[in-house]
Structures are given as structure tokens and as C-alpha cells.
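I want to keep a record of what I look up in this structure, entry by entry. Each entry takes one topic and spells out its terms where they come up.

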Amino acid sequence: LLRNVACGIGELIKLNQEIMPGCYLRRSDKSDVARVENRTFICCKEKINAGFTNNWWEPDEAIKKLKNIAAGSYKGRVMYVIPFAMGNVDSDFHKFGVEITDSIYVALSMITMTRVGKKISVAFNKIGDNWTKCIHCSCSCNPEERYICHFPESNKIISVNSTYGGNALLGKKCLALRLGSYMGKNEGWLAEHMAIFGIKTPYNEEIKYICAALPSGCGKTDLAMLKPGEKFSKAGYEIYCVGDDIAWLKVREDGKLWAVNPENGIFGACSGISK
């Protein structure tokens with residue numbers, strides 16, 4: 001239903017369903033085509049707690065600025081409320097969030113990239129206030145007033161003036177990686193920019209897993225699609241991709257290091273697409 005609405009208002013373009021069944025094209029604003037690290041902030045009381053690789057912004061100053069930018073921007077727009085989970089809710093290694101957005105594209109993408117549905121909604125009745133508040137506002141997509149702000153101490157994310165990927169789909173980089181790093185520090189686990197692969201040899205049935213820190217744009221999504229060549233495949237080698245982008249890691253009671261992909265699939269950028 002939402003896809004039909006999105007196509008009807010021109011937000012999505014349905015592609016040739018014989019060649020690419022179930023596929024759609026969506027174009028963002030020409031100024032809104034990448035994550036903007038210089039506009040991405042960790043907003044916490046002490047600057048040192050933002051980490052050495054992140055931009056810091058005092059929380060009260062950030063909130064004041066964001067409120068001024070977003071004031072009145074939702075007026076007349078359809079709002080979407082998306083309860084979601086990162087990680088499998090049947091395990092003990094997951095986090096809940098709710099994203100409020102005025103973008104049907106964001107709503108559709110969050111439904112695809114995170115875990116949503118009746119099970120998630122029922123779970124919210126049991127978790128109290130232990131979930132991440134995610135506020136996204138498209139505003140006018142003005143690049144001069146584009147901000148993606150994380151508030152680890154209040155478990156909140158606010159994004160304005162972008163509808164591109166990780167700037168707007170707030171369960172991905174924002175919760176799973178940036179806020180996840182803070183949660184992991186407090187709870188004894190790690191949220192890392194890492195891919196997870198499994199390799200099975202013909203010598204035994206055990207799968208050996210590799211968790212690798214691979215930066216953006218290096219080809220890790222291409223690697224995630226890797227399959228053994230015909231010779232190795234016939235010999236019994238198999239390769240599995242658990243996740244191509246973010247890994248949550250925890251040492252459990254058995255002394256082993258366990259890793260999960262918090263996303264609901266694999267969603268990196270493949271080679272050959274336009275920048």
C-alpha cells in the first residue's frame with residue numbers, strides 16, 4: 001500500500017518489473033546524496049565523551065538550533081510513526097527505537113532495513129522507556145541547515161534537512177553504530193563498523209567466522225556477495241555473509257566472542273552505481 005502511494009505521488013518510480021521485479025527508483029535532492037560527517041554530531045555534556053573521531057555539540061545548544069530549524073516544517077505533511085528493532089527480538093541482543101518522519105521513502109526503507117511489525121509493537125508494552133527516540137524532519141533539504149545529532153545521555157536522535165540513507169534512516173548508522181557505541185560501553189559489548197563472514201571448508205562441517213573492520217567505499221558489499229569459484233564450489237567450499245556493514249560483538253558466558261548483524265539484511269552500496 002505505501003509503495004503504491006509513494007509511486008502515486010512521484011516519490012518512487014516503478015522500474016521494469018520483467019527485468020527488475022519488485023524494484024523501484026527514488027531520487028534524492030541533488031544536494032543530498034551522501035552522509036555529511038561535518039554535520040554529524042555527538043551531543044553530550046562532556047566533550048571528551050564524544051570520542052576523538054566525532055564532532056561534539058553541547059546538548060542544550062543543539063536542541064535550540066534544531067528546534068528553530070524544524071519549527072513548522074511538519075505542518076500539512078503526513079507523519080509516519082515506525083516502531084522498530086535493531087537485532088533479532090527473539091535473542092537478548094537487540095535494541096528498540098521509534099522513528100517519527102515526514103518522508104514516505106524513509107518509512108518504506110525503515111520497514112525494509114529494520115525489524116518492524118506486530119511482534120515489535122507488542123514488545124513495547126513490556127520495555128518501559130528503554131528505547132531510542134528518533135526524530136526525522138525533511139524540512140527543505142537545505143544543506144546549510146542539515147544536521148544529524150545524537151544524544152547518547154537521553155537516548156535520542158534528531159535529523160533535519162536530509163532524506164538520504166544513513167542521515168535519515170536512523171536505525172542504521174545513528175542507532176546501531178553511534179549510539180550503539182555508547183550503549184556498548186555502558187553494557188559491556190561493542191558496536192563496530194565491521195563485516196561478518198562465514199567460511200565452510202570441505203574438511204569438516206564447522207563454519208569459521210571472520211569479523212573485519214572495513215571502511216566505507218572499500219568494496220565490502222562486493223565482498224559480501226562473494227561466492228567460491230566453480231572449482232572451489234564443487235570441492236565443497238561455501239561462503240556466508242552475515243552482515244556487510246555493522247557488527248555488534250559480545251563475549252558471552254561460554255568465553256566465546258559472538259557477533260550479530262543488527263540490520264535486517266545487507267544494505268551497502270554496490271559498485272557501478274552513480275555517486
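The entries below go through cysteines, cores, strands, one serine and ring pairs.

**Ground rules.** I note that this is a predicted model, in which local features need pLDDT of at least 70 and side-chain atom pairs count only at pLDDT 80 or more, while totals for chains, interfaces and linings use all residues. Residues are numbered from 1 along each chain as its sequence is written, and side-chain values use heavy atoms, with hydrogens and water left out.

**Cysteines.** How many disulfides does a search of the whole structure find? I found zero, taking a disulfide as a pair of cysteine sulfur atoms within 2.5 Å. For Cys134 the nearest cysteine sulfur belongs to Cys174 and is 7.7 Å away. The sulfur of Cys139 is 3.4 Å from that of Cys137, its closest, and this is too far for a bond. I also looked up burial, where buried means under 20% relative accessible area, exposed over 50%, and partly exposed in between (1.4 Å probe, protein chains only). Cys134 is buried at 2%, and Cys139 is buried at 11%.

**Cores.** I next looked for nonpolar cores, that is, sets of buried Ala, Val, Leu, Ile, Met, Phe, Trp, Tyr and Cys residues joined through side-chain atoms within 4.5 Å. The largest has 31 residues, of which Ile157 and Trp248 touch the most other members. Strand S5 (80-86), helix H3 (104-113) and helix H6 (171-187) each supply at least two residues of this core, and the largest share, seven residues, comes from H3. Helices (H or I, at least four residues) and strands (E, at least two) are DSSP runs, numbered from the N terminus. Another core lies apart from this one and has 14 residues, among them Trp57 and Tyr147.

**Strands.** Two strands pair if DSSP finds at least two bridges between them. I read an open sheet of three strands in the order S12-S11-S13, with antiparallel pairing. Strands S12 (207-213) and S13 (238-243) stand at the edges with a single partner strand each, so one side of each is left without a neighbour in the sheet. S11 (residues 194-200) and S13 pair over five bridges, and the bridge partner of Ile199 in S13 is Ile239. Strands S14 (residues 247-251) and S15 (residues 257-260) pair in the antiparallel sense over four bridges; here Trp248, already noted in the largest core, has Val260 in S15 as its bridge partner.

**Ser138.** Where is Ser138 placed? I located Ser138 in the loop between strand S7 (132-137) and strand S8 (147-151), and with a relative accessible area of 10% this residue is buried. Leaving aside neighbours within four places in sequence, Ser138 is in contact (heavy atoms within 4.5 Å) with residues including Arg77, Asp102 and Ser162. The C-alpha atoms of Ser138 and Ser162 are separated by 5.6 Å, although the two residues are 24 apart along the chain.

**Ring pairs.** Rings of Phe, Tyr and Trp (its six-membered ring) pair if their centres lie within 6.5 Å; planes under 30 degrees apart count as stacked, over 60 as edge-to-face and the rest as tilted. I found seven aromatic pairs in the whole structure. The rings of Trp57 and Tyr147 have centres 5.2 Å apart and planes at 50°, so the pair is tilted. Those of Phe232 and Tyr237 have centres 5.6 Å apart and planes at 75°, so this pair is edge-to-face.
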